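Subject: Structure for you to look at

Hello,

Here is the structure I promised. Please open it and keep it beside you while you read my notes.

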Amino acid sequence: MPLHLYWFLPSHGDGREVGKTATDQGRARTIRRAPDIGYLAQVAQAADTLGFTGMLVPTGLFCEDPWVVSAALAARTRRVKFMIALRSGLTSPLLTAQMAATFQRVSGDRLVFNIVAGGDADEQRRYGDWLAHDDRYARTAEFLTVLRGLWQGGPVDFDGDHYRLKAGLLTRPATMPQIHLGGSSAAARRVAAEHADVYLAWGEPPPQLGELMTDFRRQSDATGRDVRLGTRFHVISRDTAEEAWETANRLIEGMDPALIAQAQERFRRTESEGQRRASALHGGRTDDLEIYPNVWAGYGLVRPGAGIALVGSHEEVADRIAEYHKSGIDHLILSGQPHLEEAYWFGEGVMPLLRARGLLEETSAGS
């Protein structure tokens, strides 16, 4: 199975630093580039030109709305897909099915979904969602059951614990969007095994990630479904390993210790099993962050979510990706700091090596 590479769209802002503050009239602020549509278009066009399969477009209070941003950027790109992160409990299945069908028609079938049940209870409540963690995944299972039924032709007559409807779509999408669903908890893995096309877990060293994926594969095999495997990393790739590690060390030097402490306290309160696993890889320490050859935990000191990076020369990063691919990973979501420049470092340095090894999905841009 070829490797499908996705880049990340920084719709929350971008910059050269992670967790660095500056003084603005006595107040601490994060240094970043504003996520205006002109800058986001540059990042999307870079991913389009370099041959990435698609882009992950995040969701949450911290970023711009993914549907609006993706629709705007679809008009400025040719072939790159948009993996819209969707909180499954915040819109009805019928409305989501209708929006997806429209997006497929206006974009030329370039929609992919990253289904997010929600790992931060505080943020979920701000959206008006008070369900507990496992209940959110139970609702997600019903949501995806209805959604697929609508796409497949309906009408759907469904009476569940979270949804009750009799409905059908006027016009179905010609191509059903692929469903990516992530989470390390038992509830997340159960729903992914039964409903997802691709199961996602945050990046970890190969032994830990391999164990998690092996457990999931046994679960998905029991359902009789062929669910593919994917993961998520940051990346710092340079012409030499020394240059890459200089960049990583500069990011650590720029991190505000107060922000590190605040982030670690927040992570300890999380409902997300993936976040707990990620935090345990470094324990809040700033030394000895290379937890496996070319696998670095520095981002996770301040960043929620995926906090592990691949760091090294282009050849070393390609070697590590090949190792993950050999273990069964064939969908890889990457990001960099800043995303525009790092897209070119990776796209021009690592992707040709992966292509030469026959590992990379060919696209009209990449071939």
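A residue is called buried under 20% relative accessible area, exposed over 50%, and partly exposed in between (1.4 Å probe, protein chains only). By that rule, 56% of the chain's 367 residues are buried.

Two cautions. This is a predicted model, where local features need pLDDT of at least 70, side-chain atom pairs count only at pLDDT 80 or more, and totals for chains, interfaces and linings use all residues. Residues are numbered from 1 along each chain as its sequence is written, and side-chain values use heavy atoms, with hydrogens and water left out.

The chain has 13 helices and 15 strands. These are DSSP runs, numbered from the N terminus (helices: H or I, at least four residues; strands: E, at least two).

Start with strand β15, residues 329–335. Seven of its seven residues are buried, so the rest of the structure largely encloses it. Strands pair if DSSP finds at least two bridges between them. β1 (residues 4–8) runs parallel to β15, joined by three bridges. There, Y6 stands opposite I333. β11 (residues 228–238) also pairs with β15 in the parallel sense, over six bridges. Here H234 faces S335.

Now the helices. α3 (residues 93–107) packs against α5 (residues 133–151) at about 45 degrees, with axes 9 Å apart. Axes are lines fitted to C-alpha atoms, for helices over the stretch in contact, and angles run from 0 to 180 degrees between N-to-C directions. Residues in contact (heavy atoms within 4.5 Å) include L94 and A97 of α3 and F143 and L147 of α5.

Best wishes
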